[in-house]
Amino acid sequence: DYYRPGKDINRDLARAPAAGALGLSARVELDPATSVARLVFTAPSGAALPANAEFKFLHATRAGFDRRVVFAPTPAGQYQAGVPALAPGHWHLELSTPEWRLVGSLSVPIDTRANLKPALNTSVPAR
């Protein structure tokens with residue numbers, strides 16, 4: 001039965017334009033020394049930001065290395081989460097809520113920050 005998975009895929013694809021319509025983008029900054037990641041949203045004034053946001057680190061070639069973390073807001077207006085050490089290589093990044101999704105990429109250990117934007121295509125794997 002392919003109907004139900006097809007509906008789930010369509011619902012997932014609809015989240016990218018929703019992020020664009022809301023004017024959302026974000027920046028993630030990793031601190032390998034402390035294993036902490038910080039997330040800063042860019043959103044129009046008055047936009048409702050999530051209480052928590054699921055973040056996926058998806059290794060480009062090794063699904064077994066994928067990591068999920070949940071960012072929680074800090075009193076300073078940023079979001080923060082502990083992040084386990086990431087294996088060297090290229091990583092796809094996905095920040096999502098049930099309503100929207102932002103994507104980006106990162107090369108470990110070269111990059112320690114990445115910009116996240118609404119997806120323009122479906123090249124980021126959904127895992």
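Predicted model: local features only at pLDDT ≥ 70, side-chain atom pairs only at ≥ 80, totals over all residues.

Tutor: Residues are numbered from 1 along each chain as its sequence is written, and side-chain values use heavy atoms, with hydrogens and water left out.

Student: How many salt bridges does a search of the whole structure find?

Tutor: A salt bridge is a side-chain nitrogen of Lys or Arg within 4 Å of a carboxyl oxygen of Asp or Glu. One of them joins Arg 27 and Glu 29 at 2.6 Å, N to O. Over the whole structure, the number of salt bridges found is four.

Student: Is Arg 27 buried, partly exposed or exposed?

Tutor: Buried means under 20% relative accessible area, exposed over 50%, and partly exposed in between (1.4 Å probe, protein chains only). The relative accessibility of Arg 27 is 30%. Arg 27 therefore counts as partly exposed.

Student: Which strands hold Lys 56 and Glu 94?

Tutor: The closest N and O atoms of the Lys 56 and Glu 94 salt bridge are 3.7 Å apart. The pair ties together parts that are 38 residues apart in sequence, because Lys 56 and Glu 94 lie in separate strands, S3 (residues 53-59) and S6 (residues 89-96). Strands (E, at least two residues) are DSSP runs, numbered from the N terminus. The strands asked for are S3 for Lys 56 and S6 for Glu 94.

Student: Which residues do salt bridges that share partners join into one network?

Tutor: Glu 94 is buried, with a relative accessible area of 2%. Arg 101 also forms a salt bridge with Glu 94, and here the closest N and O atoms are 3.4 Å apart. Through shared partners, the network comprises Lys 56, Glu 94 and Arg 101.

Student: Which residues does Ala 114 contact, leaving aside neighbours within four places in sequence?

Tutor: Ala 114 belongs to strand S8 (residues 113-118), and at 6% relative accessibility it counts as buried. Its C-alpha atom is separated by 8.6 Å from that of Ala 26, 88 residues apart along the chain. With contact meaning heavy atoms within 4.5 Å, the partners of Ala 114 are Ala 26, Arg 27, Val 28, Leu 93, Ser 105 and Leu 106.

Student: What is the relative accessible area of His 90?

Tutor: His 90 is found in strand S6. Residues that His 90 touches include Leu 58, His 59 and Ser 105. His 90 is partly exposed because its relative accessible area is 34%.

Student: What is the angle between the planes of Phe 41 and Trp 100?

Tutor: Rings of Phe, Tyr and Trp (its six-membered ring) pair if their centres lie within 6.5 Å; planes under 30 degrees apart count as stacked, over 60 as edge-to-face and the rest as tilted. By this rule the count comes to five aromatic pairs. Phe 41 and Trp 100 form an edge-to-face pair, 5.9 Å centre to centre, with an angle between the planes of 85°.

Student: How many residues apart are Phe 41 and Trp 100?

Tutor: Both Phe 41 and Trp 100 are buried. Phe 41 is in strand S2 (residues 36-42), while Trp 100 is in the loop between S6 and strand S7 (101-108). The pair links distant parts of the chain, and the separation is 59 residues.

Key
Helix = DSSP H or I, 4+ residues; strand = E, 2+ residues; numbered from the N terminus.
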